[in-house]
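Reader: Could you walk me through this one while I have it open on the screen?
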Amino acid sequence: MSPDRQQQLMLGGSEPHRGRLLLTPPQEPAKANLIVGIALAVLALGFASAYGRTHGITWVATVLGVWTVIAPWVVNGGVATTATIVSNVVVGLIAALLGLGAMSLGMSRTR
């Protein structure tokens, strides 16, 4: 039996992609961006519906924005093309600036 076939069987399937829990390395940055996008959407929903109770966690949006900026260099995947980097930096800066704006609104409301 060939080593490739043994690896396929150990992974739980007859096809190379079957049985793996993680995405292949080129998809890692996309997975990280998807998770951050979902988190930002949930935060935005909370801020829009109940800002009085959620303004204390507005700092999370800023942290997620900063993470989005540095993610192309941190996330293992090796697919950091120019378009990916520019997209992450632009979206990350927008998210961080909006998070800082929400933080300043929250601090002005508590005084």
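Reader: Which helices each supply at least two residues of the lining of the largest cavity?
Author: They are α2 (28–49), α4 and α5 (82–110), where helices are DSSP runs of H or I with at least four residues, numbered from the N terminus. This is a predicted model, in which local features need pLDDT of at least 70, side-chain atom pairs count only at pLDDT 80 or more, and totals for chains, interfaces and linings use all residues. Residues are numbered from 1 along each chain as its sequence is written, and side-chain values use heavy atoms, with hydrogens and water left out.
Reader: Okay, and which helix gives the largest share of that lining?
Author: The largest share, three residues, comes from α2. The lining as a whole consists of Pro29, Ala32, Asn33, Ala71, Pro72, Val75, Thr84 and Asn88, lining residues being those with an atom within 4 Å of a point of the cavity, which on a 1 Å grid over the protein atoms alone is a set of points where a 1.4 Å probe fits but cannot get out.
Reader: What volume does the largest cavity have?
Author: About 40 Å³, taken as the space filled by probe spheres set on the points, with grid points joined across faces, edges and corners.

Conventions. 1 Å grid on protein atoms, 1.4 Å probe; cavity = no way out; pocket = protein on both sides within 12 Å on 5 of 7 lines; lining within 4 Å.
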